[in-house]
Amino acid sequence: MESGKSQSESSLSELNELVEYSYLYDFYGALLKEKHRLIFEDYVLNNLSLGEIAGEHQITRQGVYDAVRRCKSSLREYEEKLQLVSKFHLIEEKLHQIEEIAKEGTAEDAQRITELAEEIYDVI
């Protein structure tokens with residue numbers, strides 16, 4: 001039963017990583033070299049294997065692996081410097097809070113909504 005649990009955890013970890021890189025790619029993908037961008041799209045977005053990508057792009061599996069690794073590293077570096085994905089998630093969280101407060105609808109809530117809106121504008 002333990003192997004099932006660790007296999008499930010591994011699958012969840014892989015899914016979380018895929019979602020993370022999808023966000024990073026959405027924000028920073030245009031900054032990657034075109035050839036690397038196409039390889040990364042095939043790997044992350046189209047879920048192709050290294051062998052399938054290698055055949056499609058006429059390079060070795062090792063070449064695909066290296067390109068994907070470089071893309072991941074570059075995307076992480078862009079996020080470390082620019083923080084666009086982090087800011088996006090913060091804005092999402094603040095907007096969710098605004099929605100929750102707006103449902104309650106008191107005068108105090110209106111003040112809190114204004115404060116949250118100001119926090120969002122500061123992030124933007």
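Predicted model: local features only at pLDDT ≥ 70, side-chain atom pairs only at ≥ 80, totals over all residues.
A residue counts as buried when its relative accessible area is under 20%.

**Aromatic pairs**

By this cut-off, Y21 and F40 are both buried. A search of the whole structure turns up six aromatic pairs. Y21 and F40 make one of them, with an edge-to-face arrangement. This pair ties together distant parts of the chain, since Y21 sits in helix 1 and F40 in helix 2 (residues 34-45), 19 residues apart. Another pair, F27 with Y28, is tilted because the ring planes meet at 50°. Here are the two pairs side by side:

| Pair | Centre to centre | Angle between planes |
|---|---|---|
| Y21 and F40 | 6.3 Å | 75° |
| F27 and Y28 | 6.4 Å | 50° |

Y28, at 1%, is buried. Both residues also belong to one aromatic cluster, together with Y23, Y78 and F88.

In soluble globular proteins, nonpolar side chains tend to be buried together. Here, the largest nonpolar core has 17 residues, and Y21 and F40 are among those with the most contacts inside it, along with L24, I39, V64 and L75. Helix 1, helix 2, helix 3 (50-57) and helix 4 (61-82) each contribute at least two residues to this core. Helix 4 gives the largest share, five residues. V64 shows what such contacts look like: beyond its neighbours within four places in sequence, V64 is in contact with I39, L50, I53, A54 and I59. There is also a second, separate core of six residues, including I91, I101, L116 and V123.

**Helix 5**

Helix 5 covers residues 84-104, and its 21 residues should span 30 Å at 1.5 Å a residue. Just after helix 5, G105 takes a positive phi of about 70°.

**A look at S11**

Back in helix 1 (residues 2-28) you will find S11. S11 counts as partly exposed because its relative accessibility is 43%. Its C-alpha atom is separated by 20 Å from that of D42, which is 31 residues away along the chain.

Notes:
Residues numbered from 1 in each chain as written. Heavy atoms only, no water. Helix = DSSP H or I, 4+ residues; strand = E, 2+ residues; numbered from the N terminus. Buried < 20%, exposed > 50% of the residue type's maximum accessible area, 1.4 Å probe, protein only. Expected span 1.5 Å × (residues − 1). Phe/Tyr/Trp six-rings, centres within 6.5 Å; stacked < 30°, edge-to-face > 60°. Core = buried A, V, L, I, M, F, W, Y, C linked by side-chain atoms within 4.5 Å. Contact = heavy atoms within 4.5 Å.
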